[in-house]
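Please open the model in your viewer and keep the sequence panel beside it. The stops below say what to select next and what is to be found there.

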2 protein chains.
Amino acid sequence: MIRLLSSALLTTIPTFAAIAADAPLPTTPSAVVSAAPAQAWRVIADEDLLVMTVADGKRVVIQIAPAFAPRHVANIRALASAHWWDGTSINRVQDNYVVQWGDATEKKPLPGGLTPTTSADYVRPLTNVRLAITPFPYADPYAPATGFVDGWPMAMDGDAAWLPHCYGYVGVGRNMAPDAGTGAELYTVIGQPPRQLDRNIAVVGRVIEGMANLSSLPRGSGDLGFYTAGERKVPIVSVRLASDLPAADRPHFQVMDVASPSFAAYLKLRANRKDDFYIRPAGGVDLCNAPVPIRATPPVKARR
Amino acid sequence: MIRLLSSALLTTIPTFAAIAADAPLPTTPSAVVSAAPAQAWRVIADEDLLVMTVADGKRVVIQIAPAFAPRHVANIRALASAHWWDGTSINRVQDNYVVQWGDATEKKPLPGGLTPTTSADYVRPLTNVRLAITPFPYADPYAPATGFVDGWPMAMDGDAAWLPHCYGYVGVGRNMAPDAGTGAELYTVIGQPPRQLDRNIAVVGRVIEGMANLSSLPRGSGDLGFYTAGERKVPIVSVRLASDLPAADRPHFQVMDVASPSFAAYLKLRANRKDDFYIRPAGGVDLCNAPVPIRATPPVKARR
């Protein structure tokens, strides 16, 4: 069942019960994140982490979202397990828009058994998701309702839910409709969130480490920021699911539980900055400007 | 007088009267911009253009906004005319936040006669501006009203108006309040619009050419993205007002008249993408995701 609490209700949630009663209340979002207790964090599964190695061994880690883009994510896992992206490249960097990667030749055969996709995959019926919604009480120009579900921001219209195009979010390139993309051609957002792409293209995940290795790449001088003949495409050395890596090589991350008191306190402060630097709280915040906190954690077993 | 037209009124403005009646209506925002007649454009004054040359001769052009940040802009003009930024550097690049430049030593003497600033300079009374407001009908989580005035997006609360922190917008670094910055330390936004900074810091202009020369710089590894000892600060060769340059060296730009039918048509399509690629219009758009069109124009007199 979908529950959209009012903002008035939201503010009545006791936010610091888990913190020692006599500790000073954190006054910044980052202080809330630092003070969040262990029970406010959820481990991200190895199957949901894509580890991409680009030129010079630089690493980018992407969290994929099987609950919200199941067909595209199934394809992405199959492509990673087939090592399909190894030897492909980053082919497009358009300022204030996207970095895009895949097979520049558009001729590399795809592995068999990929799942067909359609534009119906751009949204997910919430009745299928069956997860609690943390409401987001601030206005959004792109969707009638917004919230957070299972560690992800969510835009919603009735029973339809979709992941928004926020900074660092990863989507699936496609040709003209009815094509909905296989998952082989991916991009990430490097500027103003292009939310006009919501429900027009599949969002499948987000970069959670190494974003600067993509966002600081030279912009392409061709149409739409594609690299031209005189410009060097950035080689992709490999892309692996963390679950396909040896245990010692797997990165580990946790995402804040969006139903936790810590997240409620974090959201409130994102919308009401008032500390040594801020003199005037906004009283609101954009959905994409309240990123769900994520932290790297040490591996369960130390590297040998 | 402030006029906030309703969105219903907005849609009744005849949008293509200036275009031949039998021409097909443009279906994309960029097609509207290409088709806009000469009378839809306003020349940006040479006094409002800041030409910054960084390492390797790369050029960045910033439009400053005297109507909305008069004291800070007066200082910025004085600093440019004194060649104060020559030999300074870009010192901070924080991913998904800002690129910041100025005097890394914090010891370079400022020119005399700079105007003192206070936090009162973060907003501008609309009664002082005396310019027509083109209303923006879509929700904004940061301000009760938004619109466009004199070529700029505007957030408003009663009589107070302020420039929003959009991608590429330029603000004035400051220390802790009550300091409001002189204008010597500047930054531009390279990610998600940090609108929480609105009314907490002065926005004074926007990058209108060469943004990629800033946004693609290597991120700094220090706190807040400052370059550390091992990292190369990016040299600033010079910063000049276009009006201080020889006529033949001045760049020329025009901004779309926000009261024009072309701008109304552009806004409507930014909020309702429906063309060969888009299958589902959003029915809304973020204030920062409807940038006022700007175009470079040939110099009035050709270079010799």
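## Starting with chain A

Select chain A of this predicted model, in which buried residues make up 49% of the 304 residues. Coloured by secondary structure, chain A shows six helices and 16 strands. Its radius of gyration is 20 Å, close to the 19 Å that the globule rule gives for 304 residues, so chain A is as compact as a globular protein of that length. Among contacts in chain A between residues at least 6 apart in sequence, 73% join residues at least 24 apart.

## Both chains together

Two copies of a chain are related by a rotation about an axis and a shift along it. Here a rotation of 180 degrees, with 0.0 Å of shift along its axis, superposes chain A on chain B with an RMSD of 0.0 Å, and that is the relation of a two-fold axis.

Next, select the residues on either side of the interface, where 38 residues of chain A are in contact with 38 residues of chain B. On the side of chain A that touches chain B, the residues divide into 18 nonpolar, 10 polar and 10 charged. Because 100% of the interface residues of chain A are also interface residues in chain B, the copies meet through the same surface.

Is Pro141(B) buried or exposed? Pro141(B) is buried, since 23 other C-beta atoms lie within 10 Å, and a residue counts as buried at 20 or more. Leaving out residues up to four places away in sequence, Pro141(B) touches Tyr138(A), Ala139(A), Gly284(A), Val285(A) and Asp286(A). For a sense of distance within chain B, draw a line from the C-alpha atom of Pro141(B) to that of Met52(B), 89 residues apart along the chain, and the separation is 33 Å.

## A sheet in chain B

Stay in chain B and select the open sheet of five strands, which has the order S6-S10-S9-S8-S7 with antiparallel pairing. The edge strands are S6 (124-125) and S7, each of which pairs on one side only. Strand S6(B) and strand S10 (residues 160-162) of chain B pair in the antiparallel sense over two bridges, and the bridge partner of Arg124(B) in S10(B) is Ala161(B).

In soluble globular proteins, nonpolar side chains tend to be buried together. The largest nonpolar core of this model has 175 residues, and those with the most contacts inside it are Leu50(A), Ile62(A), Val204(A), Leu50(B), Ile62(B) and Val204(B). Helix H6 (residues 261-271) of chain B contributes the largest share of this core, seven residues.

Which residues surround Leu50(B) as contacts? Neighbours within four places in sequence aside, Leu50(B) is in contact with Ile62(B), Ile64(B), Ile76(B), Ala80(B), Val239(B) and Leu241(B).

Then select H6(B) itself, where 10 of the 11 residues are buried, so this helix is largely enclosed by the rest of the structure. Among the buried residues of H6(B) are Phe263(B), Tyr266(B) and Leu267(B), and also Arg270(B).

Return to chain A for Phe253(A), which lies in strand S15 (residues 253-256) and, with 20 C-beta neighbours inside 10 Å, counts as buried. Beyond four places in sequence, the residues that Phe253(A) touches include Ile44(A), Leu49(A), Ile208(A) and Ile294(A). The C-alpha atoms of Phe253(A) and Ile208(A), 45 residues apart along the chain, are separated by 8.6 Å.

## Backbone details to finish

Most residues other than glycine have a negative phi, and most peptide bonds are trans. A cis peptide bond joins Ala177(A) and Pro178(A), with omega about 15 degrees, and Pro178(A) is in the loop between strand S11 (169-172) and strand S12 (186-189) of chain A. In chain B, the peptide bond from Ala177(B) to Pro178(B) is cis, with omega near 15 degrees.

Select Leu224(A), which has a positive phi of about 60 degrees although it is not a glycine. Leu224(A) is in the loop between helix H5 (212-215) and strand S14 (234-241) of chain A, and counts as exposed with 10 C-beta neighbours inside 10 Å. The last stop is Asp56(B), in the loop between strand S2 (49-54) and strand S3 (59-64) of chain B, where phi is near 65 degrees; Asp56(B) is exposed, with 9 other C-beta atoms within 10 Å.

Notes: Residues are numbered from 1 along each chain as its sequence is written. Chains are lettered from A and ligands numbered from 1 in the order in which they are written. This is a predicted model: local features need pLDDT of at least 70, side-chain atom pairs count only at pLDDT 80 or more; totals for chains, interfaces and linings use all residues. A residue is buried if 20 or more other C-beta atoms lie within 10 Å of its own, exposed if 12 or fewer, and partly exposed in between; C-beta atoms are placed from the backbone. Two residues are in contact if their C-beta atoms, placed from the backbone, lie within 7 Å. Ala, Val, Leu, Ile, Met, Phe, Trp, Tyr, Cys and Pro count as nonpolar, Asp, Glu, Lys and Arg as charged, and the others, Gly among them, as polar. Helices (H or I, at least four residues) and strands (E, at least two) are DSSP runs, numbered from the N terminus. The radius of gyration is taken over C-alpha atoms; the globule rule is 2.2 Å times the number of residues to the power 0.38. Copies are superposed by least squares on the C-alpha atoms of residues with pLDDT of at least 70 in both. Two strands pair if DSSP finds at least two bridges between them. A nonpolar core is a set of buried Ala, Val, Leu, Ile, Met, Phe, Trp, Tyr and Cys residues joined through C-beta atoms within 7 Å.
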